[in-house]
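Hi there,

Here is the structure I promised to pass on to you.

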Amino acid sequence: METQVIDEQVLISASLEQVWKALTDPEVTVKYWGGTRIESAWKKGAAVLYRRDGEVVDEHELREVIPNRLIEHTFRPMFGEFKTEPSSLLTILLSSEANGTRVQVLHRDFPPSSKVFAACSEGWPAILGALKSLLETP
């Protein structure tokens, strides 16, 4: 059986701190994540809520967090055709480079024939592109 893994990376001309804020501040996430506010206490075990138009559309559990370096949480949409799938695992890694910050999204542990995998395979490149554009546009 083929393992389903999404591994996307982007180099953003911004500091680790700027990228971290963009990933963890709901006032910023709403600007590049298709109107979605990502809310959490950003502590291990905390809920990570994705809200769209005030409604929780995804609810995840934070497995690991290292400020300016790593976010890892379960990933389970709670709407439409996706709500019956079990959780997958999302890891976002940040690393400082000479020209900015490298953001790596590693999304794995999808069930066979996952609809979430298919959607996220298209979604992650778009989200990372929008994040890059937001942080690099004066």
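The largest pocket has a volume of about 270 Å³. Its lining is made up of 14 residues, and R52, D58, F75, A119 and C120 are the closest to the centre. Please keep in mind that this is a predicted model. Which element gives the most to the lining of the largest pocket? That is α3, with six residues. Both β3 (47–52) and α3 supply at least two residues of this lining.

**The sheet and its helices**

Seven strands form an open sheet with antiparallel pairing, in the order β1-β7-β6-β5-β4-β3-β2. At the edges are β1 (6–12) and β2 (36–40), each of which pairs on one side only. From one strand to the next, the twist averages 25°.

- Helix α1 (residues 16–24) touches β1, β2, β4 (55–66), β5 (70–75), β6 (88–97) and β7, and its direction makes about 155° with that of β6.
- Helix α3 touches β1, β5, β6 and β7, and its direction makes about 5° with that of β1.

**The core**

The largest nonpolar core holds 35 residues. Those touching the most other members are L23, Y32, Y50, I92, L94, V103 and W124. Helix α3 (residues 115–136) contributes the largest share of this core, seven residues.

I92 makes a handy entry point. Apart from neighbours within four places in sequence, I92 is in contact with L23, R69, L70, I71, V103, Q104 and V105.

**Two backbone details**

W42 lies in the loop between β2 and β3, and its phi is near 55°, a positive value in a residue other than glycine. S113 sits in the loop between β7 and α3; S113 is not a glycine either, yet has a positive phi of about 55°.

Are W42 and S113 buried or exposed? W42 has a relative accessible area of 15%, so it counts as buried, the cut-off being under 20%. S113 has a relative accessible area of 71% and therefore counts as exposed, which requires over 50%.

Conventions. Residues are numbered from 1 along each chain as its sequence is written. This is a predicted model: local features need pLDDT of at least 70, side-chain atom pairs count only at pLDDT 80 or more; totals for chains, interfaces and linings use all residues. Side-chain values use heavy atoms; hydrogens and water are left out. A nonpolar core is a set of buried Ala, Val, Leu, Ile, Met, Phe, Trp, Tyr and Cys residues joined through side-chain atoms within 4.5 Å. Buried means under 20% relative accessible area, exposed over 50%, partly exposed in between (1.4 Å probe, protein chains only). Helices (H or I, at least four residues) and strands (E, at least two) are DSSP runs, numbered from the N terminus. Contact means heavy atoms within 4.5 Å. Two strands pair if DSSP finds at least two bridges between them. Axes are lines fitted to C-alpha atoms, for helices over the stretch in contact, and angles run from 0 to 180 degrees between N-to-C directions. On a 1 Å grid over the protein atoms alone, a cavity is a set of points where a 1.4 Å probe fits but cannot get out, and a pocket is an open set with protein on both sides within 12 Å along at least five of seven lines; lining residues have an atom within 4 Å of a point. Grid points are joined across faces, edges and corners, and a volume is the space filled by probe spheres set on the points.
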